[in-house]
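Subject: Structure handover

Hello,

Here is the structure I promised to pass on. Please open it first; my notes follow below.

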Amino acid sequence: MKGELKLSILGSGAAFSEIGHNSAHLVDRKLLLDCGAPVTSLLPGLGGSVGELEAILITHFHGDHVIHLPTLLVARRLQHPEASPLRLIGPPGLLRHLKVLGETAFGTGLWSRIESQDGPLWARVEEWEDGRSGEVAGYEVEAISVIHSPELECLGYRIAIPGVSLGYTGDTTYCPGLLRLARSVDHLLCECTSFSGPQPTHLWGEEVAALMREIPSLRLILTHLNERRPLPGALLASDGLSVTLRGCAEG
Ligand SMILES: [Zn+2]
């Protein structure tokens, strides 16, 4: 429906969380945000399948955000050969990382055989940088750099249709990119790795609360969790949760 986004949580846990799968989130059953959870087996529980996916936005190359990509791609290629190539968007280096992941997961047998038959990764790999925007799976998408880990680039994304917009932080610290992203959206799917104290490469509850004070109209859904503590005004993600998002003006 115009003006609504359906957000489903496949993985709400931080990298070493005991309360949820690693990061993966689904918009309208066709756009996947990170691929750290076993998406292939989780999608049917939400009425979806890997064959329906149109695009995946990857925030960065830590395992809890990308580890399931090879399985998803091979499953789609073998079980849904009629599906058109996925658009796979992430920071610079995505193609190289994906090749390493795929060859590690499936060796020079399956992965390389499909690659040689169908071209590089039978997916449209696009390496985006800060500020790049364009149409993806019917959404207006913009990549925004955030600061997470010093050794690698991390992108957040703004995803919009007329009437409603959603931001996804990936992993981030309290940085200018986070504020830029948060100010540009109605809803923010925001990492919150700790509630008990500051984290060197992540957000914690006090910083999320500060973000909410800074932008009172912003509606937050907290993910990348190690525990679930109530934070007034924010929704805590949990695996299997689905929510319908509407623009702030529509209540
Ligand atoms: Zn992470």
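Strand S2 (residues 24-27) and strand S3 (residues 31-33) run antiparallel and are joined by 3 bridges. Valine 27 has leucine 31 in S3 as its bridge partner. Please keep in mind that this is a predicted model.

**First sheet**

S2 and S3 belong to an open sheet of 7 strands. Its order is S6-S5-S4-S3-S2-S1-S14, and the pairing is mixed. Strand S6 (123-127) and strand S14 (242-246) form the edges. Each has a single partner strand, so one side of each has no neighbour in the sheet. On average, neighbouring strands here are turned by 20 degrees against each other, direction ignored.

Further along the order, the pairing is parallel. Strand S4 (residues 55-57) runs parallel to S5, with 3 bridges between them. Isoleucine 56 has leucine 88 in S5 as its bridge partner. S5 and S6 also pair in the parallel sense, over 5 bridges. There, glycine 90 stands opposite glutamate 127 in S6.

How enclosed is strand S5 (residues 86-90)? Of its 5 residues, 4 are buried, so S5 is largely enclosed by the rest of the structure.

Threonine 244 sits in it. Is threonine 244 buried or exposed? Threonine 244 counts as exposed, because it has 10 C-beta neighbours inside 10 Å, and the cut-off for exposed is 12 or fewer. Beyond its neighbours within four places in sequence, threonine 244 is in contact with Glu4 and Lys6. Isoleucine 144 is 100 residues away from threonine 244 along the chain, and their C-alpha atoms are separated by 24 Å.

At the S13 end, strand S12 (residues 219-223) runs parallel to S13, and 3 bridges join the two. Isoleucine 221 has leucine 235 in S13 as its bridge partner.

**Helix H5**

Which residues of helix H5 (residues 176-183) are buried? They are Gly177, Leu178, Leu181 and Ala182. These cover an arc of only 130 degrees around the axis, which puts them on the same side of H5. What do the buried residues of H5 pack against? Their partners are S8, strand S9 (154-161), strand S10 (164-168), strand S11 (187-191) and helix H6 (205-214).

**Core**

In soluble globular proteins, nonpolar side chains tend to be buried together. The largest nonpolar core in this model has 67 residues. Those with the most contacts inside it are Leu32, Cys35, Val39, Ile56, Cys190, Val208 and Leu222. Strand S8 (residues 139-146) gives the most to this core, with 5 residues.

**Whole chain**

The secondary structure comes to 6 helices and 14 strands. The radius of gyration is 17 Å, close to the 18 Å that the globule rule gives for 251 residues, so the chain is as compact as a globular protein of that length. The C-alpha trace spans about 55 × 40 × 35 Å along its principal axes. Buried residues make up 45% of the 251 residues. Among contacts with a separation of 6 or more, 58% come from residues 24 or more positions apart.

Best regards

How values were computed. Residues are numbered from 1 along each chain as its sequence is written. This is a predicted model: local features need pLDDT of at least 70, side-chain atom pairs count only at pLDDT 80 or more; totals for chains, interfaces and linings use all residues. A nonpolar core is a set of buried Ala, Val, Leu, Ile, Met, Phe, Trp, Tyr and Cys residues joined through C-beta atoms within 7 Å. A residue is buried if 20 or more other C-beta atoms lie within 10 Å of its own, exposed if 12 or fewer, and partly exposed in between; C-beta atoms are placed from the backbone. Two strands pair if DSSP finds at least two bridges between them. Axes are lines fitted to C-alpha atoms, for helices over the stretch in contact, and angles run from 0 to 180 degrees between N-to-C directions. Two residues are in contact if their C-beta atoms, placed from the backbone, lie within 7 Å. The arc is that of the directions from the helix axis to the C-beta atoms. The radius of gyration is taken over C-alpha atoms; the globule rule is 2.2 Å times the number of residues to the power 0.38.
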